[in-house]
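Hello,

Here is the structure you asked about, sequence included. My notes follow below it.

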Amino acid sequence: MTKFKLEYIWLDGSAPTQGLRSKTKIIKDFSGKLEDCPMWSFDGSSTQQAPGNSSDCLLKPVAIYPDPGRKNAFLVMTEVLSSDGNAHPTNGRATIDDEDDDFWFGFEQEYFLWDPSTNRPLGFPAEGYPEPQGPYYCSVGAKNAYGREIVEEHMDLCIEAGLNIEGINAEVAAGQWEFQIFAKGAQAAGDQIWVGRYLLERTAEKYGVAINWHCKPVLGDWNGSGMHANFSNSVLRTCGSEDTYKQILEAFRPVTAEHIAVYGADNHLRLTGLHETQSIDEFSYGVSDRGASIRIPVVTVENGWKGYLEDRRPNSEADPYKVAARIIKTVKSALVPA
Ligand code: ADP
Ligand code: MN
Ligand code: MN
Ligand code: MN
């Protein structure tokens, strides 16, 4: 008989930014299959998801990955349900309208490795500042790259867990890094970003390092952190029509505020029009334009308007489920026959 450890992961009710929570369930002779993961429950009064006199919330398993950091173990991503079995109001995953997984998402998750003792990024001295930005992006060497050990270990764990991680890079600010995850299906992409975030937190924890997901943890002339959302559906991948692209892009313009509402807290600190961003009140798009709200990658144009778009506005703290749900809604609204 083998005892397996299943780590049930869910999103709490913290506002404005939901946080990761998890706890372990031991199961004997487990098959490793999602359908054999039982429903579970937790104390919603401790996570801002239920009142104390009616505190039970339910955990519904929705995705499973091998847990490479533990023996005989799995990571189980779950959705939170209220005690009546309906999706909890904090459950962004349940709001995604993409039944046939026609939408593909590639998220670029930026973050800072954070020194809890100085409350500053790794690589920042306790007082004053390191050299101005310039040498850190895609750097190598102890003078400019900080925390690579953690980043490498995280990448290996993601691969071993079966996440479709596509790459990593050191970012523009000191102590800032990025990983990219791509999936066919909005829910799968969201699940993998959240499990990737979980693995990063757990890995850095071993080194006494925190992850700062805030979109502008260092004010001044230091880049903020985004979570660019690259997306496509079969129309964007195959239409071959600049007009169709324009029609989809124009559908984003009147719902700018609705998008910003789910693109992460404090985004006005990051979307200033500087540091490769568009200002939070503007909407724009352009080929190869890293100062636009939505960039049309040059390969999409070179392939005869077949490819994908990059919404550059979502920030590092945004919930990928809610970001994807909103993008899908807007793209679908553009494609309704007149
Ligand atoms: P950059 O830093 O230049 O913006 P990255 O290489 O970091 O670009 O990220 C580009 C992302 O676009 C990758 O995550 C990739 O998976 C994603 N992507 C590529 N093709 C598509 C597509 N057809 N649909 C959705 N996402 C895509
Ligand atoms: Mn990138
Ligand atoms: Mn980046
Ligand atoms: Mn990008």
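Predicted model: local features only at pLDDT ≥ 70, side-chain atom pairs only at ≥ 80, totals over all residues.

Glu108 sits in strand β6 and His228 in strand β11 (residues 227–232), so the pair ties together parts that are 120 residues apart in sequence. Both Glu108 and His228 are buried.

Next, the manganese ion (ligand 3). Glu110 (OE), Glu171 (OE) and Glu178 (OE) coordinate the manganese ion (ligand 3), at 2.1 to 2.3 Å. Their spacing in sequence is E-x60-E-x6-E. Glu110 and Glu178 are buried. Glu178 coordinates the manganese ion (ligand 2) as well as the manganese ion (ligand 3), with 3.7 Å between the two ions.

The largest pocket holds about 630 Å³ of space. It is lined by 35 residues, and the closest to its centre are Glu108, Glu178, His228, Arg295 and Glu310. Strands β6, β8 (165–170), β9 and β11 each give two or more residues to this lining. The largest share, 6 residues, comes from β6. By class, the lining has 13 charged, 13 polar and 9 nonpolar residues.

The second largest pocket holds about 210 Å³. Its lining has 13 residues, and Pro16, Ala261, Val262, Gly264 and Lys322 lie nearest its centre. Of the lining, 6 residues are nonpolar, 3 polar and 4 charged. Domain 1 (3–87) and domain 2 (104–334) each supply at least three of the lining residues.

One helix to look at is α2 (residues 186–206). At 1.5 Å a residue, its 21 residues should span 30 Å; the end C-alpha atoms are 31 Å apart, which agrees. Of those 21 residues, 15 are buried, so α2 is largely enclosed by the rest of the structure. Gly208 follows α2, with a positive phi near 70 degrees.

Best wishes

Technical notes
Residues numbered from 1 in each chain as written. Chains lettered and ligands numbered in written order. Heavy atoms only, no water. Donors = N, O, S within 2.8 Å, 3.2 Å for Na, K, Ca; no water. Buried < 20%, exposed > 50% of the residue type's maximum accessible area, 1.4 Å probe, protein only. Helix = DSSP H or I, 4+ residues; strand = E, 2+ residues; numbered from the N terminus. Expected span 1.5 Å × (residues − 1). 1 Å grid on protein atoms, 1.4 Å probe; cavity = no way out; pocket = protein on both sides within 12 Å on 5 of 7 lines; lining within 4 Å. Points joined across faces, edges and corners; volume = space filled by probe spheres on them. Nonpolar A, V, L, I, M, F, W, Y, C, P; charged D, E, K, R; others polar. Domains from an automatic or database assignment.
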